[in-house]
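My notes follow in the order I looked things up.

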Amino acid sequence: MRYSRVLCGLASVCLFAARGAAPGGLSGLLPAIPAHARTGSQFAKYVASMDSRQREQAILSEILAGNLPAFLRNLVPVKLNYLAAGGKAVSATLFVMPEYLAVGTDHDFLRIPMNLHTASAVASKLGFVLPTRKIVDAIYQQSAFHFSPEPMTPGPQMRSTEYYQVHNQKIETQSRALGVLPGALVSGDKKDVVISPRLTSNPQQLAIYGWHRLNGAPIQTLSTVHGACYADYSHGVRLVSEIALVDGERRSIYDILEDPEMAGLVSDEGPIRNLRSFVTQEADAPCGQASPGLPPANQLTFFTQRKPR
């Protein structure tokens with residue numbers, strides 16, 4: 001196969017964009033799929049009796065070992081347009097995972113929520129970034145398939161592995177009904193863990209956004225109400241390649257977000273200062289039992305989620 005471009009980010013993550021097709025395989029820092037990797041069902045059983053801190057470590061270990069569905073390795077292009085200073089029209093192509101991060105195989109995988117520290121560690125070690133609110137909206141608008149959100153009864157059980165499994169099965173039921181093929185760009189099944197300028201003034205918090213209804217309106221407006229150690233069944237982590245094409249030239253999304261004149265291309269909140277340093281700090285700050293970002297379970301506030309219209 002002939003390739004029109006070769007994109008290499010962080011000197012180690014390469015995307016091969018075939019002419020007239022979505023980008024090809026992801027390589028470099030992401031290891032090959034282990035020969036005897038756990039399926040999604042096996043992983044759920046493995047972590048079922050773990051506390052949240054142990055489960056987060058298990059998630060990180062599995063993903064960094066390469067145990068994720070093969071279809072997630074084939075990134076999908078998402079287009080963005082922006083009118084820069086002086087009225088200059090700028091276009092960008094981002095490369096995103098077609099679905100939220102999951103553990104397992106193409107035929108048996110578990111979409112796996114994770115807290116900000118785990119998500120940051122995965123993204124930074126593998127040459128990706130988390131999306132902004134603007135990127136999440138663009139992904140939704142350009143998705144081939146839209147799931148209808150499936151809110152479940154709120155409460156402490158939202159953080160349980162059992163809830164993760166039940167919600168995953170609800171999404172799978174919709175996926176079969178819609179005829180979704182592995183690797184198609186999909187959205188609507190989870191809220192996104194996102195990056196936002198709000199995190200610079202709330203460094204112990206988690207930013208979430210999305211879970212769009214079929215009418216395109218998000219259930220979850222941009223929120224930093226939860227601590228960085230929080231994760232529940234409704235959250236998803238979709239990785240975006242750090243390297244984007246801006247008017248045909250390779251640029252780091254980190255650099256774009258630092259640039260006051262160009263940040264609007266990928267963010268509707270303006271620039272995000274010192275983002276790379278922030279992500280590195282979050283990746284190196286594992287959650288303990290008494291993290292300042294997360295009160296004890298009996299002090300957590302749970303919000304009732306309306307059934308989507």
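**Entry 1: a hairpin.** I am working with a predicted model. I began with strand 3 and strand 4, which form a hairpin with five residues between them. In the turn I checked G86, and its phi is positive, about 85°. Next I looked up the pairing. Strand 3 (residues 76–83) and strand 4 run antiparallel, joined by eight bridges. L83 stands opposite A89 of strand 4.

**Entry 2: strand 4 again.** Which other strand is joined to strand 4 by two bridges? I found strand 15 (residues 243–246), and this pair runs antiparallel. Here A92 stands opposite V246. I also looked at how covered strand 4 (residues 89–96) is. Six of its eight residues are buried, so I noted the strand as mostly covered.

**Entry 3: the core.** I turned to the largest nonpolar core, which has 80 residues. Which of them touch the most other members? My list reads I63, L94, L101, I112, M114 and L239. Helix 3 (residues 116–126) gives the most to this core, with six residues. I then picked L239 and set aside its neighbours within four places in sequence. L239 is in contact with F95, V96, M97, L101, V122, A123, F128, V129 and L130.

**Entry 4: helix 1.** I listed the buried residues of helix 1 (residues 40–47): G40, F43, A44 and V47. Why do they line one face of the helix? Seen down the axis, the buried residues fall within an arc of 100°, so they share one face.

Entry 5: Q54 sits in helix 2 (residues 52–64). Its relative accessible area is 40%, so I wrote it down as partly exposed. I also looked up Q54 and C287, which are 233 residues apart along the chain. Their C-alpha atoms are separated by 9.8 Å.

Entry 6: I found an open sheet of four strands, in the order 12-11-10-13, with mixed pairing. Strand 12 (218–223) and strand 13 (235–236) stand at the edges. Each has a single partner strand, so one side of each lacks a neighbour in the sheet. Strand 11 (residues 208–212) and strand 12 run antiparallel, with three bridges. G210 stands opposite Q220 in strand 12. Last, I checked helix 4 (residues 133–142), which lies across strand 10 (191–193), strand 11 and strand 12. Helix 4 runs at about 15° to strand 11.

Methods:
Residues are numbered from 1 along each chain as its sequence is written. This is a predicted model: local features need pLDDT of at least 70, side-chain atom pairs count only at pLDDT 80 or more; totals for chains, interfaces and linings use all residues. Side-chain values use heavy atoms; hydrogens and water are left out. Buried means under 20% relative accessible area, exposed over 50%, partly exposed in between (1.4 Å probe, protein chains only). Two strands pair if DSSP finds at least two bridges between them. A nonpolar core is a set of buried Ala, Val, Leu, Ile, Met, Phe, Trp, Tyr and Cys residues joined through side-chain atoms within 4.5 Å. Contact means heavy atoms within 4.5 Å. The arc is that of the directions from the helix axis to the C-beta atoms. Axes are lines fitted to C-alpha atoms, for helices over the stretch in contact, and angles run from 0 to 180 degrees between N-to-C directions.
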